Amino acid sequence: MGNGLKNFKFYRSFRVRSEQNDKIFLRISLLHQNGNRQTLGQDTRLIDFNLFSLSFKSNIHIPIGTKVKIEIFTKKIFNKWDLEVEGFIIRSFQENSEEQTYNYGVELINQSEESELKYFITDYIAGFSGKKLKDFLIKSSLSVREINVDDGVELFGLLNVLYKEFSRSDISSLLDECAHLLHCEEVRVWKINLEKDKLENIYHSSNCTHIKDNSFNKGELGKCFTTSRCINTFLKEPKEREEDKFTLNNTLCLPLLNKERKCIGVLQFNNKKGGQFSIIDENMGHFLSLVIAKRFLNYIVKSKSTSIAHLNPELKDSFIYFGSTQKSSAIRTTLKKLKYGKTNVFIVGEKGLGKEFFAKYLSNNSEKDIFNCKDPAHLEKILSSTSNFSSEQTLIFKNIDSLSSSDQSRLYNWIQFQDCKFITTSCKDLIYEIKSGLFHKQLYKKLTQSRFHLTPLRNRRDDILTIANYFIRIECVKRGLAPRELSPESMQYIISHYWPGNITELEKVIKKTFMLTSHDCEVIDIEKEEIHGFKNIEEKLIFSADTSIHPDKIMEMIKSETREKKVS
């Protein structure tokens, strides 16, 4: 493996620029393999530096890969510095062909956040004037995005070198280089196996061992794979791996995408040396994941047997939350995050909105138990249980608002000793129940780390036809009929109807229509009921209001609406 990746990282990193009047001097010695040392003359000048790299100018030609010892010293009366660092020349270019001046980049070795260089940099920046410090902060903020014409030419050359190096290198060398660039203990490549519905550890850096398959929807790897997002986690309690007794402290996971932009694996970095993975590490990790993914661009996986939605053509994400509007799309994205998270979720909404369906979805296919709080036997079963549930399990409590005060206290005491995920549903917004002393405040806080409110169907006019057409398609498939469409009158009725039973009522109406309609009919004509008319805005607000919201909250909304109209 060549110096392409090191060179690219050097290019992307932000370094503090040195000015000539700063009086920072260098003495550079070339350390040859035979043990000889060659000290350069006093014609070197420091250009810029950070904790892990620096660049300097010289009129002496130095080959790439040369090991150098650099003495850094200042001549200030106070804070006089004199320190040594070592590194390798990883980049060079001729800055001025007439004067034969070379610009060199050095990757420093054996540096840590407690090295003497760190304190020198801290002291140097502390001496900035107000204007210089302001300019420095602005430049550091813009350093990732700011690319001028000269930088663009250099970047193009760097990427060209990288492409050639990656094409020639084996993946083990790439992973070793990745571990070196991100200063971590190990790097692993995971790829999905559709026959097992598991992520397989197919490659790892040279100092690692092969470990067993991992669930595609659990842990940090699962979150990364199922959401196609970067996962950067610092573990509060280190985990010891069974296979090789490796202790995991922190992990950075990046998705591997094929040419269809489908996630087919994960690039994982474990145990950042000297701390945790930073935003800069995430940016470099994204680039490295693109590099590694190049090996799998043509890995196209589609299987109806897998339970992985984005790799199964029959599993569509749209069923999670019906609707084609931008708001519906945003809610689907939120639900995916909640599904793969460990936070407890409270689902509130009117009857007929599918709260239990969403609760099962958010359990993320984990082992789950469902308890109906309206049934005393269900509740007694769980409260009398002495077993502890693991973090891999999910407990669903339906109709949590039905609990008596004593049962609320019992449940709160019981869940203190459980490590599992809780999902609860309710037809009432419990915030106002707490205000009136009807619901246990601490229990609510424990169960409501995330809150998901389902909007009544009558208040989702833009989505109603999409939902109706979904049920129509299902009925056509069940009955072996050609696709059918709603009549214009039926479409207008569906949009205008109040739908007190919400999605459940709409589904029943469509099923009933199919039962009463001839198979020869090509258009669906729904039997219509009288549409309720509203006398004034107050009556409309009351009929359109969400019954899961407390009446006091509805009155607040009406008053707010009235105030806004008066102001306008």
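How many salt bridges does a search of the whole structure find? The search finds 21. Keep in mind that this is a predicted model.

**Start with the whole chain**

Show the protein chain as a cartoon. Its secondary structure comes to 18 helices and 21 strands. Now colour by burial. Of the 568 residues, 44% count as buried.

**Stop 1: a salt-bridge network**

Select Glu186, Arg188, Arg241 and Asp244. Salt bridges link these four residues in a network. Zoom in on one pair. Arginine 241 bridges to aspartate 244, and their closest N and O atoms are 2.9 Å apart. Check burial on each side. Arginine 241 has 15% relative accessibility and counts as buried. Aspartate 244, at 28%, counts as partly exposed.

In general, side chains of opposite charge can pair when their charged atoms come close.

**Stop 2: two more pairs**

Select lysine 272 and aspartate 281. They form a salt bridge, with the closest N and O atoms 3.2 Å apart. Is lysine 272 buried or exposed? Lysine 272 counts as buried, at 16% relative accessibility. Aspartate 281 is buried too, at 8%.

Move on to arginine 460 and aspartate 463. Here the closest N and O atoms of the salt bridge are 3.3 Å apart. Both of these residues are buried.

**Stop 3: helix H11**

Select residues 405-415, which make up helix H11. Show side chains for Asp407, Gln408, Leu411, Trp414 and Ile415, the buried residues of this helix. Look down the axis of H11. The buried residues fall within an arc of 130 degrees, so they line one face of the helix. There is a simple background to this view. An α-helix has 3.6 residues a turn, so residues three or four places apart point the same way.

**Stop 4: glutamate 505**

Go to helix H16, residues 502-516, and pick out glutamate 505. This glutamate is buried yet has no salt bridge. Where is the nearest side chain of opposite charge? Select arginine 458, which is 7.6 Å away. A salt bridge would need the nitrogen and oxygen within 4 Å.

Now look at what does surround glutamate 505. A polar atom of its side chain lies 2.6 Å from the backbone nitrogen of glycine 501. Leaving out residues up to four places away in sequence, glutamate 505 touches His497, Trp499 and Pro500.

**Last stop: the cysteines**

How many disulfides does the structure hold? It holds 0. Select cysteine 224, cysteine 253 and cysteine 263 to see why for two of them. For cysteine 224, the closest cysteine sulfur is in cysteine 253, at 5.4 Å, too far for a bond. For cysteine 263, the closest is in cysteine 224, at 5.9 Å, again too far. The cut-off for a disulfide is 2.5 Å between the sulfur atoms.

Finish with burial. Cysteine 224 has 0% relative accessibility and counts as buried. Cysteine 263 is buried as well, with a relative accessible area of 1%.

Terms used: Residues are numbered from 1 along each chain as its sequence is written. This is a predicted model: local features need pLDDT of at least 70, side-chain atom pairs count only at pLDDT 80 or more; totals for chains, interfaces and linings use all residues. Side-chain values use heavy atoms; hydrogens and water are left out. Buried means under 20% relative accessible area, exposed over 50%, partly exposed in between (1.4 Å probe, protein chains only). Helices (H or I, at least four residues) and strands (E, at least two) are DSSP runs, numbered from the N terminus. The arc is that of the directions from the helix axis to the C-beta atoms. Lys and Arg count as positive and Asp and Glu as negative; His and the chain ends are not counted. A polar contact is a pair of N or O atoms within 3.5 Å; within protein, one must be able to donate a hydrogen and the other to accept it, and residues adjacent in sequence count only if both atoms are side-chain atoms. Contact means heavy atoms within 4.5 Å.
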